[in-house]
Amino acid sequence: MLAFLQVTLAGLVTGSLYGLLALGIVLVYRTTGVLNFAYGTIAAICACFMYILLTGPQLNFWLALVITLLFALLLGMILERGFARPVLEAPVFTKAIATLALALVLQTIAQQIWPQLASPVHFPTPFEGHAAHIGGIFFSLADATVLIVTILLMVTLNFFLTRTKLGIAMRATADGLSAARLMGVPVGRIFLLVWSLSALIAALAGVLLASEQTIIDIQFMDPVLLLAFVGAVLGGLDSLPGALVGGLLIGLADNLLALVLAGRSIGALNVSDPAIREAVIFGGFILVLLLRPQGLLGRAVLRRV
Amino acid sequence: MDAQKTSGGQPPAETPPSDEPASVLRATWLGALWRYPRTARGWLVVPGALALFALLPAIYDQLFGFSSGFELHRVTLIGIFVLAAMAQNVLTGYAAQPSLGNAAFFGVGGYMLAWLTNDLNQPYWVGIAVAMLVSAVLGVIVGGPALRISGAYLAIATLGLVFLTGSLLNLWDTTAGRQSYDLNTLPMFLTDDHALYFTVLAIVSIVLFAMYHLLRSRVGRAWIAIRDSESAAAAFGVYVTRYKLLAFVVSAVLTGLSGALYATWASTATSSMSSPDQTIAFLTMIVIGGLGSIAGSVLGAVFVGFLPLLLGQLPSPLILGPVQIQISTLTTGVYGLLLLLALIFFPAGFSSLIERGRTMGRQLVQRGGQP
């Protein structure tokens, strides 16, 4: 039972990270129609930038975090103006492939500027080494931070999107570009806002994952990104709560399956292999999509003739 | 292959009487061959390109001397990718199914060939045939459920399928206690770089010829109708489900063939053949080349296959006046940048350039040569 609770906690933590990434993916996809495969690279670059601030000028952790978040906002704006705007009218596939090319370019640039990050390095945080035992469950400070930040971010984002004028304008743009434009919504500025908001979430997720893993390099987000995409699609690509739910489900499934399958084998087949776990997750994902093609919380696609 | 079926046999009973009398001639194999390039330019371009590719080994012998075999081997890969790009284009460019699952068939094709020739001691061509057959069956299995899912959901779901297939193939390798599936019993002539090149060239030519006709037949027109408007196509009596499923099968068969040839080329099959990277490479080829275009499939495969080779040929460090660039660490980034620029400036792919050039030429002729 204790093992189960412990694993559920771990699942919630990794799930929150997938959920945060899925949130950023959905945000950009809903408003600009870009399936952003460069999202992992953006998150990794922000985490690497913070690593440089922490080790180079030896900044205080919180100061470095604030600068990193500002850097993320700027990066998001640059990407929107320099990358997303020129391909705005392109077909959806062209945009998706363009983000892959963007990821290659960003990764190469980062590798040129920070050659020390090509190999894994230690990411120093004040959370490291602090943990509490609550009724036999091991609860680290980094885990607590991930959960608290995720909850705070969801509450803030929800308030922003439903209660502020800017947030409502953003949702209007996502629902209908031309209608929003006709209503006087400054669509271009909304795009700018969406990209920098999504980069901000990427930076948060990147830094949180870095403080969880304590070891990073320039590609440390790549294996996480595919699962974040699966989480986003599982929840429904047009639903922000769906993204979080999808991410949480993927994280929980990953950790619980690891517990259930550990040390077992069917015949000669060793099912505790991570490949089997991934296979089960993807199998379940495809099954869910067959039952609900629009994702768990997504709206059914309306087809106009 | 399928073109023979559709253009060779008698037209199905439900075909409405054609208003073109010449269609009887066109419907036969010989007629198709005779009328293949419809224009004088066509008579020049197709044999011209074939002659160029046939002479390429000789040119390479002149250019690279004794390493020409090695260089030719790398070019052969592009031919194999042309098949995979064509397959992806049938599915995505013609039948409008944004499926990213093709790398699954790519890996399965390679592993089937390895299994049949190595462990079951079957002849090579039987291995190829079975690889295509198994891919076809898998195409039906994947295509059926895929009809329920659409758009970006289908893309990510099929990407998951590729991941799943890669994991299972990797599991097959680890339970059999090997790193990758080596093909030890390839026919002698396929281990020669020149012979492999000509074999792949022949297969690619046949497949492109067949696809050219398939896409201009009833089947191809049905796919295009579905792509342009599913409801309109259904209203005009196109069996939407049947033709979508057929697109999955044709695409799977071609990708399986491509995967088997790839395994031959590398003389090993690895589970990385079914990786998201591989499937995204196929998609990149058709997006950069042009969706819904045979020329686009070829151009895209050449861009994705040849550009890294070219960048690898650049001297390192590259000296531009006073600037020295360590190009070898930048190749991925430069490739990404060129891809990005190509997508920004030609969002409809390189094949749109051909169409644009043709329109400009026609306008020039209409204006009597006046600019």
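Begin with chain A as a whole: among its contacts (C-beta atoms, placed from the backbone, within 7 Å) between residues at least 6 apart in sequence, 75% join residues at least 24 apart. The model is predicted, so local features need pLDDT of at least 70 and side-chain atom pairs pLDDT 80 or more, while totals for chains, interfaces and linings use all residues. Residues are numbered from 1 along each chain as its sequence is written, and chains are lettered from A and ligands numbered from 1 in the order in which they are written.

Next, display chain A as a cartoon: it has 11 helices and 6 strands (DSSP runs of H or I, at least four residues, and of E, at least two, numbered from the N terminus). The C-alpha trace spans about 60 × 55 × 35 Å along its principal axes.

Now select A:L21, A:A43 and A:C46. Of the 196 residues in the largest nonpolar core, these touch the most other members. Such a core is a set of buried Ala, Val, Leu, Ile, Met, Phe, Trp, Tyr and Cys residues joined through C-beta atoms within 7 Å; buried means 20 or more other C-beta atoms within 10 Å of the residue's own. Select helix α8 (residues 187–213) of chain A, which gives the most to this core, with 17 residues. Around A:L21, the residues touched include A:Y39, A:A205 and A:G247, leaving aside those up to four places away in sequence.

Finally, show both chains: 37 residues from chain A meet 35 residues from chain B. On the chain A side, select α4 (92–113), α9 (222–235) and α11 (274–291), the elements that give two or more residues. Of these, α4(A) gives the most, with 11 residues.

How values were computed: Two residues are in contact if their C-beta atoms, placed from the backbone, lie within 7 Å. A residue is buried if 20 or more other C-beta atoms lie within 10 Å of its own, exposed if 12 or fewer, and partly exposed in between; C-beta atoms are placed from the backbone.
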